[in-house]
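User: I have a model open and want to learn how to read its features. Can you take me through them step by step?

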Amino acid sequence: ELDVDVEQLRWSHNTIFDHFGRDDDAPGLSVFETVVQLLLGQISPGDLPAIEVTQRGSQLYSLSNRRLFVLKTYQQIRQRYDASLEPLKVTVKLSPKCSCSPAI
């Protein structure tokens with residue numbers, strides 16, 4: 001595991017589902033609710049599981065795109081109100097697998 005600036009991470013897919021979890025009958029928390037929880041301080045970025053990434057050349061591609069969306073959105077909102085904030089560092093876990101077509 002290593003810590004990287006969230007803005008250095010790239011998308012591995014062009015779209016994401018808006019809820020965490022895979023059970024259509026009982027979807028998990030929405031990505032937007034998670035951003036709100038971060039903004040209200042109910043959870044911190046470190047409370048989220050590490051983002052799984054794969055490396056292609058010098059680029060890191062997220063295999064956890066919903067988490068990446070949450071963290072990038074959180075950072076954008078924070079910086080909009082305080083541009084002096086340090087870039088958000090997140091923990092990533094390198095994965096040798098990649099079932100992705102990097103988003104352009």
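Analyst: We will go from the overall layout to the sheet, the helices, the core and a charged pair. Keep in mind that this is a predicted model.

User: What does the secondary structure of the protein chain come to?

Analyst: The protein chain has 2 helices and 5 strands. Along the sequence they follow the pattern β-β-α-β-β-α-β. Of the 104 residues, 33% count as buried. Among contacts with a separation of 6 or more, 68% join residues 24 or more positions apart.

User: How do I read the sheet? In what order do the strands come?

Analyst: Start with the general idea. Strands of a sheet pair through backbone hydrogen bonds, in a parallel or an antiparallel sense. Here 5 strands form an open sheet with mixed pairing, in the order S1-S5-S3-S4-S2. Strand S1 (2-5) and strand S2 (9-10) are the edge strands, each pairing on one side only.

User: Which strands pair with S5, and in which sense?

Analyst: Take S1 to begin with. S1 and S5 run antiparallel and are joined by 4 bridges. Within that pair, Asp3 stands opposite Thr91 in S5. Now take S3. Strand S3 (residues 51-56) pairs with strand S5 (residues 89-94) in the parallel sense, over 3 bridges. There, Ile51 stands opposite Val92, and the bridge partner of Glu52 is Lys93.

User: Now the helices. Which residues of H1 are buried?

Analyst: The general idea is the helical repeat. An α-helix has 3.6 residues a turn, so residues three or four places apart point the same way. In H1, the buried residues are Val31, Thr34, Val35 and Leu38. They cover an arc of only 100° around the axis, so they lie on the same side of H1. The buried residues of H1 pack against H2. Just after H1, Gly41 takes a positive phi of about 80°.

User: Is Thr34 buried or exposed, and what is it in contact with?

Analyst: Thr34 sits in helix H1. Its relative accessibility is 3%, so Thr34 counts as buried. Leaving aside neighbours within four places in sequence, Thr34 is in contact with Phe20, Leu29, Ile43, Leu48 and Val70.

User: And H2? How far apart are its end C-alpha atoms?

Analyst: H2 has 17 residues, so at 1.5 Å a residue it should span 24 Å; its end C-alpha atoms are 25 Å apart, which agrees. Its buried residues include Arg66, Leu68, Val70, Leu71 and Tyr74. The buried residues of H2 pack against S1, S2, helix H1 (31-39), S3, strand S4 (59-62) and S5.

User: What does Tyr74 touch?

Analyst: Tyr74 lies in helix H2. With a relative accessible area of 11%, Tyr74 is buried. Not counting residues up to four places away in sequence, Tyr74 touches Val35, Leu38, Leu39, Pro45 and Leu88. Val36 shows how sequence and space can be read together. Tyr74 and Val36 are 38 residues apart in sequence and 8.3 Å apart in space, C-alpha to C-alpha.

User: Which residues of the largest nonpolar core touch the most other members?

Analyst: That core has 17 residues, and Leu9, Ile51, Leu71, Val90 and Val92 touch the most other members. H1, S3, H2 and S5 each supply at least two residues of this core. H2 gives the most, with 4 residues. Look at Leu71. Not counting residues up to four places away in sequence, Leu71 touches Val6, Leu38, Pro45, Leu48, Ile51, Leu88 and Val90.

User: Last, charges. How many salt bridges does a search of the whole structure find?

Analyst: The general idea is simple. Side chains of opposite charge can pair when their charged atoms come close. The search of the whole structure finds 1 salt bridge. The side chains of Glu7 and Lys72 meet there, at 3.8 Å, N to O. Glu7 lies in the loop between S1 and S2 and Lys72 in helix H2 (residues 65-81), so the pair ties together parts that are 65 residues apart in sequence.

User: Are the two partners buried or partly exposed?

Analyst: They fall into separate classes. Glu7 has 40% relative accessibility, so Glu7 counts as partly exposed. Lys72 has 10% relative accessibility, so Lys72 counts as buried.

Technical notes. Residues numbered from 1 in each chain as written. Predicted model: local features only at pLDDT ≥ 70, side-chain atom pairs only at ≥ 80, totals over all residues. Heavy atoms only, no water. Pairing = 2+ DSSP bridges. Salt bridge = Lys/Arg side-chain N within 4 Å of Asp/Glu carboxyl O. Buried < 20%, exposed > 50% of the residue type's maximum accessible area, 1.4 Å probe, protein only. Expected span 1.5 Å × (residues − 1). Contact = heavy atoms within 4.5 Å. Arc of directions from axis to C-beta. Core = buried A, V, L, I, M, F, W, Y, C linked by side-chain atoms within 4.5 Å.
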